[in-house]
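Trainee: Could you take me through the reading of a structure such as this one, step by step?
Mentor: Gladly; let us look at it together before we discuss any of its parts.

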Amino acid sequence: QSNTPTLENFWMPFTANRQFKAAPRLLASASGMYYTDVDGNTVLDGTAGLWCVNAGHGRKRIADAVERQLRTLDFAPTFQMGHPIAFDFAEKLGRIAPGGAAAELDRVFFTGSGSESVDTALKIAIAYQRAIGQGTRSRIIGREKGYHGVGFGGISVGGLVNNRRVFPQIPADHMRHTLDIERNAFSKGLPAHGLELAEDLERLVQLHGPETIAAVIVEPMSGSAGVILPPKGYLERIRAISQKYGILLIFDEVITGFGRLGTPFATDYFGVVPDLVTTAKGLTNGAIPMGAVFASRKVYDGLMNGPENAIELFHGYTYSGHPVASAAGIATLEIYAEENLLTRAAGLAETWQEALHSLKGHPHVVDVRNLGLVGAIELSPRDGAPGTRAYDVFVDCFKKGLLIRVTGDVIALSPPLIIEKEQIETIVSMIGDALKRVA
Ligand code: PMP
């Protein structure tokens with residue numbers, strides 16, 4: 001007899017359990033690299049929860065910090081009064097801010113999630129342009145296949161058609177440029193071709209007029225679209241074009257932040273410095289919902305110099321800088337520092353790459369992509385129906401004790417950064433076995 005409760009009242013259309021048909025399986029507990037489901041089966045976590053549990057599950061230090069904070073100060077209205085712990089967290093984040101000290105991206109705005117971080121960054125960008133006398137700049141350029149959460153802001157600039165389909169009117173005024181790199185053609189590392197796609201940004205800017213555009217937002221490495229890697233030199237070009245036209249550049253690092261690529265941020269990995277960086281997920285190791293936007297001092301100063309400007313950016317959440325989330329975040333940063341987790345992926349990246357690329361010979365595998373501790377195994381769809389085969393692999397893997405993520409025809413992998421080499425081998429051999437079983 002299963003311990004699975006009914007799912008009738010839980011409303012979230014995309015939860016995979018709805019499609020687990022006969023046998024939904026639910027996760028009950030977690031420790032380190034493993035989940036345990038409600039029936040006591042162990043499941044290796046190949047996705048760090050949802051790209052967020054970078055330090056592994058069940059970290060006592062985070063649990064203790066959360067409990068202590070809950071008992072000391074459970075909530076404080078940041079709108080009216082500060083509390084030291086949020087200031088402390090912001091200061092600590094400032095010390096590891098994207099791009100290092102020289103980038104001056106160390107002004108931190110706290111939010112409650114990745115979607116809120118995106119909304120916040122978009123609003124900051126438009127408000128900043130206005131504050132410096134560029135009030136006509138109110139539009140944002142996103143990118144085809146970009147994913148920036150599911151808030152109104154995020155879907156406005158996002159490029160995943162499914163996320164916008166029933167909201168065609170939201171808002172008409174933003175544009176998307178293309179990044180149509182679907183396949184990496186089995187190359188290892190960043191694609192050498194496709195740099196010219198950056199020029200599409202310049203075309204759009206000229207078409208609509210730079211004086212109408214506040215910012216461009218991109219994921220430095222796109223995650224939810226199926227792990228699409230930027231061509232060599234692409235981000236540099238995007239930076240140069242945005243700078244040339246007085247357009248702010250926003251990196252959405254909700255996935256790539258906090259060590260995923262083997263550097264603290266993708267900003268560090270690529271050596272390209274944007275004006276704003278959105279984060280969430282690994283910020284608190286997924287333990288407590290929280291996000292943060294890093295802003296450059298230039299943006300901060302431009303926006304905040306003078307009381308009217310501050311008032312124009314009337315923005316902030318009930319849970320901005322929540323004390324319990326801040327406590328979780330500080331404990332998370334301590335773990336990252338003590339265990340060198342923000343750079344650990346760099347030491348494993350080659351092993352990871354070789355292991356993933358060993359799957360190339362399988363007839364269903366059409367591409368393998370990797371960067372840091374991110375992986376993508378793209379499968380051919382069965383009978384041309386997108387996602388069919390990948391979804392079967394997902395179900396098969398879960399039954400055998402491995403959690404992976406499927407987006408379209410792509411198996412996306414992002415294990416906790418504490419992963420050991422043997423566990424890398426296990427993940428790849430379990431996927432290989434599943435591929436053999438799935439027709
Ligand atoms: N931006 C990116 C790049 C993301 O990958 C996600 C979530 N996967 C978000 C924003 C939204 O984050 P959240 O789900 O916490 O709102």
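The dialogue below moves from the domains to the packed helices and then to the ligand.

Mentor: Please keep in mind throughout that this is a predicted model.

Trainee: Into which domains is the protein divided?

Mentor: The assignment gives domain 1, made of residues 16-55 + 340-437, and domain 2, which covers residues 65-338. Taken over C-alpha atoms, the centres of domain 1 and domain 2 are separated by 26 Å. To their contact, domain 1 contributes 31 residues and domain 2 contributes 25 residues.

Trainee: Which elements supply the side of domain 1 that touches domain 2?

Mentor: At least two residues each come from α1 (48-51), α13 (341-357), β11 (365-371), β12 (374-379) and β15 (410-413), and the largest share, nine residues, belongs to α13. By class, this side of domain 1 holds 17 nonpolar, nine polar and five charged residues.

Trainee: How should I read the packing of helices?

Mentor: The general idea is that two packed helices are described by the angle between their axes and by the distance between those axes. In this structure, α13 and α15 pack at an angle of about 20°, and their axes are 9 Å apart. Angles under 35 degrees count as roughly parallel, and therefore α13 is described as roughly parallel to α15.

Trainee: Is the crossing of α13 and α15 left-handed or right-handed, and which residues meet there?

Mentor: α13 passes α15 in a right-handed crossing. From α13, the residues Thr 351, Trp 352, Ala 355 and Leu 356 meet Lys 421, Ile 424, Glu 425 and Val 428 of α15. The residues of this contact between α13 and α15 comprise five nonpolar, one polar and two charged.

Trainee: At what angle do α14 and α15 pack?

Mentor: Helix α14 (residues 388-400) packs with helix α15 (residues 421-437) at an angle of about 125°, with the axes 9 Å apart. That angle makes α14 oblique to α15, and α14 passes α15 in a right-handed crossing. On the α14 side, Val 393, Asp 396, Cys 397 and Lys 400 take part, and they meet Met 430, Ile 431, Ala 434, Leu 435 and Arg 437 in α15. Sorted by class, the contact of α14 with α15 has six nonpolar, no polar and three charged residues.

Trainee: What can be read in the same way for α4 and α10?

Mentor: α4 and helix α10 (residues 297-304) pack at an angle of about 60°, and their axes lie 8 Å apart, which makes α4 oblique to α10. The crossing of α4 and α10 is left-handed. Here Ile 124, Ala 127, Tyr 128 and Ala 131 in α4 meet Val 299, Gly 302 and Leu 303 in α10, and the contact of α4 with α10 divides into six nonpolar residues, one polar residue and no charged residue.

Trainee: Finally, how many residues surround the ligand, and which are the closest?

Mentor: There are 14 residues around the ligand, and the closest are Ser 113, Gly 114, Ser 115, Gly 149 and Val 254.

Terms used
Residues numbered from 1 in each chain as written. Predicted model: local features only at pLDDT ≥ 70, side-chain atom pairs only at ≥ 80, totals over all residues. Axes fitted to C-alpha atoms, helices over the stretch in contact; angles between N-to-C directions. Helix = DSSP H or I, 4+ residues; strand = E, 2+ residues; numbered from the N terminus. Parallel < 35°, antiparallel > 145°, perpendicular 65-115°, else oblique. Left-handed = near helix turned anticlockwise from the far one by under 90°. Contact = placed C-beta atoms within 7 Å. Nonpolar A, V, L, I, M, F, W, Y, C, P; charged D, E, K, R; others polar. Near = placed C-beta within 6 Å. Domains from an automatic or database assignment.
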